[in-house]
2 protein chains.
Amino acid sequence: MKNLLIASTSTLHNGGYLDYLLPELKEHFKGCSEIIFIPYARPGGVSHDDYTAKVKAVFSTINIAVKGLHEFKNPSEAILNAKGIFTGGGNTFLLVSQLYKNNCMTVLKQALENGTPYLGTSAGSNICGISMQTTNDMPIIYPPSFETLGVIPFNLNPHYLDPDTNSTHMGETRETRIKEFHQFNNLSVLGLREGSWLDVKGDSIVLKGALTARLFQPNKEPLELPAESKMNF
Amino acid sequence: MKNLLIASTSTLHNGGYLDYLLPELKEHFKGCSEIIFIPYARPGGVSHDDYTAKVKAVFSTINIAVKGLHEFKNPSEAILNAKGIFTGGGNTFLLVSQLYKNNCMTVLKQALENGTPYLGTSAGSNICGISMQTTNDMPIIYPPSFETLGVIPFNLNPHYLDPDTNSTHMGETRETRIKEFHQFNNLSVLGLREGSWLDVKGDSIVLKGALTARLFQPNKEPLELPAESKMNF
């Protein structure tokens, strides 16, 4: 049975890394003495080692050990054997490229469908959708495909932002961009605001956190879904 | 000799379509009785016909006829025979996909290098760079390549936005995204604010409009370039 925690962001404004999720994570990864961290999304500034160290520091406070996927000789085997998995944020184009390059996309899907507890934040959440085509990230690298895990039956837009009504900027709003996506793709998109996450247990998907989320369905007006909504559209 | 006008945006806040550029366009397309408009970037809401009609209305005020590229049976031939070319904004992933699909990328580069006067706005400017990898657009469609025209020797970020120092949002700033691009790509990127454009005549590239532009070079601190700067970095 799938057991996923899919969060818009790792960090809230003025909060520490994963702070607001920590009580959830304790429960989510109960029984896992060690999890694997996938640092692939991080495009630099921070090495895979340093990124993993940051995750280790947080998880040590709930007595869970962390190993970076980059430390394994055979990453796809490591994923299949993992007790729990966390994919951190960064750039989704990079994350998807690296997952394909290391033959990890299919096995990660397999692991998640077999019930390995999973945490995704930002780019690590994006890949849970059918495709990465509703990411906000810059295409800094050309991935072999935009298809992602499809462990939820819709797409996500993490870090969802409402249009700024005071803005004089002429670039597209997030809502406009998602409407453009719908011209070519017949998939629902959930705009997940910072502080929201999805709790996935088997086929049940529930919106968690204090905020509403904005649901964009093809050929329908967007809907605001309250916290605790079941995502069975 | 190349003769390009590469603008951050078609429209300024509170302005009409192409309004602020009209005096320039009169000069830029002098001697062209007709130009071809490439509407491919527009992802919907507006048809190619309607998008072209909007362009026609503006260019009629400076006595230039406009034909949409979608009206031609053989678009690549039409590009090679064009007296002038304008590529409008929308979604860069879509524009690039359509240019490749219709075998127009190479001939468009050829036409521009042979001196056909060109106007690009937003997505139509993005494609003038080496690659489309510094676009702000959402990847709503998977293009066969991120490579673009390369008629200027660097990349563009149109609609460039400075970081909002009051924001509590945790998504990446534009500057952070461009720095991420530099982890994998050894190309300069020019952040072109709304109201700025590049005037390209042969090898000369000059920043026009009232604003400064922000230049991001690999492994260097970003620079603010004043209006009238020559882009010979």
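Strand 1 (residues 3-7) of chain A is joined to strand 8 (residues 197-201) of chain A by 5 bridges, and the two strands run antiparallel. This is a predicted model, in which local features need pLDDT of at least 70 and side-chain atom pairs count only at pLDDT 80 or more, while totals for chains, interfaces and linings use all residues. Residues are numbered from 1 along each chain as its sequence is written, chains are lettered from A in the order in which they are written, and side-chain values use heavy atoms, with hydrogens and water left out.

**Strand 1 of chain A**

- Helices (H or I, at least four residues) and strands (E, at least two) are DSSP runs numbered from the N terminus, and two strands pair if DSSP finds at least two bridges between them.
- Within the antiparallel pairing of strand 1 with strand 8 of chain A, A:Ala7 has A:Trp197 as its bridge partner.
- Strand 1 of chain A is also joined by 4 bridges to strand 5 (residues 118-121) of chain A, and these two run parallel, with A:Tyr118 in strand 5 as the bridge partner of A:Leu4.
- Because 5 of the 5 residues of strand 1 of chain A are buried, the strand is largely enclosed by the rest of the structure; buried means under 20% relative accessible area, exposed over 50% and partly exposed in between, with a 1.4 Å probe and protein chains only.
- The cover extends to both faces of strand 1 of chain A, with A:Asn3, A:Leu5 and A:Ala7 buried on one side and A:Leu4 and A:Ile6 buried on the other.

**Helix 7 of chain A**

- Helix 7 (residues 174-182) of chain A has 7 of its 9 residues buried, so it is largely enclosed by the rest of the structure.
- The buried residues of helix 7 of chain A include the charged residues A:Arg174, A:Glu175, A:Arg177 and A:Glu180, and also A:Ile178, A:Phe181 and A:His182.
- Among the elements that cover these buried residues are strand 6 (155-157), strand 7 (189-191) and strand 10 (213-216) of chain A.

**Interface of chain A and chain B**

- In chain A, 44 residues are in contact (heavy atoms within 4.5 Å) with 44 residues of chain B.
- About 3,600 Å² is buried between chain A and chain B, and carbon and sulfur atoms give 61% of this area; buried area is the accessible area (1.4 Å probe) that two parts lose on being put together, summed over both.
- A:Met138, A:Tyr142 and A:Met170 supply 20% of the area that chain A buries against chain B, which is more than any other three residues.
- The rule finds 2 salt bridges across the interface, each a side-chain nitrogen of Lys or Arg within 4 Å of a carboxyl oxygen of Asp or Glu.
- A:Arg177 forms a salt bridge with B:Asp137, and their closest N and O atoms are 3.5 Å apart.
- Helix 4 (92-101) and helix 7 of chain A are the elements that give two or more residues to the side of chain A that touches chain B, and helix 7 of chain A gives the most, with 5 residues.

**Strand 8 of chain B**

- Strand 8 (residues 197-201) of chain B is mostly covered, since 4 of its 5 residues are buried.
- Strand 8 of chain B is joined by 5 bridges to strand 1 (residues 3-7) of chain B, running antiparallel, and B:Trp197 is the bridge partner of B:Ala7.
- A further 5 bridges join strand 8 of chain B to strand 9 (residues 204-208) of chain B, again antiparallel, with B:Asp199 opposite B:Val206.
- Strands 8 and 9 of chain B form a hairpin with 2 residues between them, and B:Gly202 in the turn has a positive phi of about 60°.
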